[in-house]
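Subject: Handover of a structure and findings

Dear colleague,

Please find below the structure that I am passing on to you.

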Amino acid sequence: MSDPSSETTLRRDAILLAVMPVFGRYGFRKTSVDELAAAAGLSKQGLYLHFSSKEEVFREAMKKYLDDGLELVDRELARPGATLHGRLMGAMDAWFGRHLRTFAPESFDVIGAGDRLSATGVEGYKAAFQAKIAKALSQSREFKSSNVCTAAEVARVLFLLGLTWKEERPSETELMARFSLCIRACCQIEPDRKAR
């Protein structure tokens, strides 16, 4: 016999995964409940069986998106046999590259909406990302002990660089080249051969 609460959780997660690209394309304000329901393969009333409002759908979808992002960052930072450069590049792509692929410039109101609906939550995700990067740096033999910056300082610089994904809308190739340069400069490490 299957657990109804686990089926409900799986269904809610499937809905949240389906609606995130809609918010990413149109933004919070321009996305209608009808569009969200259609993306999830539900009627409007069916969507309201799972969520009480558009705001709740958005808040839960953003939370899932950010939780999933941190899991992807963990996975990249833990890749066995990968160099520090490769792991950091993977983590930056898992976090910021993913944002570049998910959010269109027209949808940037989601950033403000996310801050309004859960400002402390968003700040927590930013801090968690930086802490994961700092931990990976501090545990790496490749991170030069003679580096004049601490692991936390380098993590902060990488985070601030990552925020440029939304300002200039670089191509993925340009964004990854920026990440590589910053990682090499801040950590004083060589890039992976394939990244050259």
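The helices named in this message are DSSP runs of H or I with at least four residues, numbered from the N terminus. Please note also that the model is a predicted one.

I begin with the cavity. The structure contains one cavity of 30 Å³ or more, and the space in the largest cavity comes to about 310 Å³. Its lining is made up of 18 residues, and those nearest the centre of the cavity are Leu66, His99, Ile111, Val122 and Lys126. At least two lining residues come from each of α4, α5 and α6. Of the helices, α6 contributes the most to this lining, namely seven residues.

The next subject is the nonpolar core. The largest such core has 55 residues, and within it Phe23, Phe129, Ile133 and Leu137 have the most contacts. Two or more core residues are given by each of α1 (4–30), α2 (33–39), α4 (54–77), α5 (84–102), α6 (109–138), α7 (151–162) and α8 (172–187). In general terms, nonpolar side chains in soluble globular proteins tend to be buried together. Setting aside residues up to four places away in sequence, isoleucine 133 touches Leu77, Leu88, Ala91, Ala155 and Leu158.

Two individual residues remain to be described. Threonine 31 lies in the loop between α1 and α2. Because its relative accessibility is 2%, threonine 31 counts as buried, the cut-off being under 20%. Leaving out residues up to four places away in sequence, threonine 31 is in contact with Val22, Phe23, Tyr26, Leu36 and Lys54.

Glutamine 188 is located in the segment after α8. Most residues other than glycine have a negative phi. Glutamine 188, although not a glycine, has a positive phi of about 55°. With a relative accessible area of 49%, glutamine 188 is partly exposed.

Yours sincerely

Note on methods:
Residues numbered from 1 in each chain as written. Predicted model: local features only at pLDDT ≥ 70, side-chain atom pairs only at ≥ 80, totals over all residues. Heavy atoms only, no water. Core = buried A, V, L, I, M, F, W, Y, C linked by side-chain atoms within 4.5 Å. Buried < 20%, exposed > 50% of the residue type's maximum accessible area, 1.4 Å probe, protein only. Contact = heavy atoms within 4.5 Å. 1 Å grid on protein atoms, 1.4 Å probe; cavity = no way out; pocket = protein on both sides within 12 Å on 5 of 7 lines; lining within 4 Å. Points joined across faces, edges and corners; volume = space filled by probe spheres on them.
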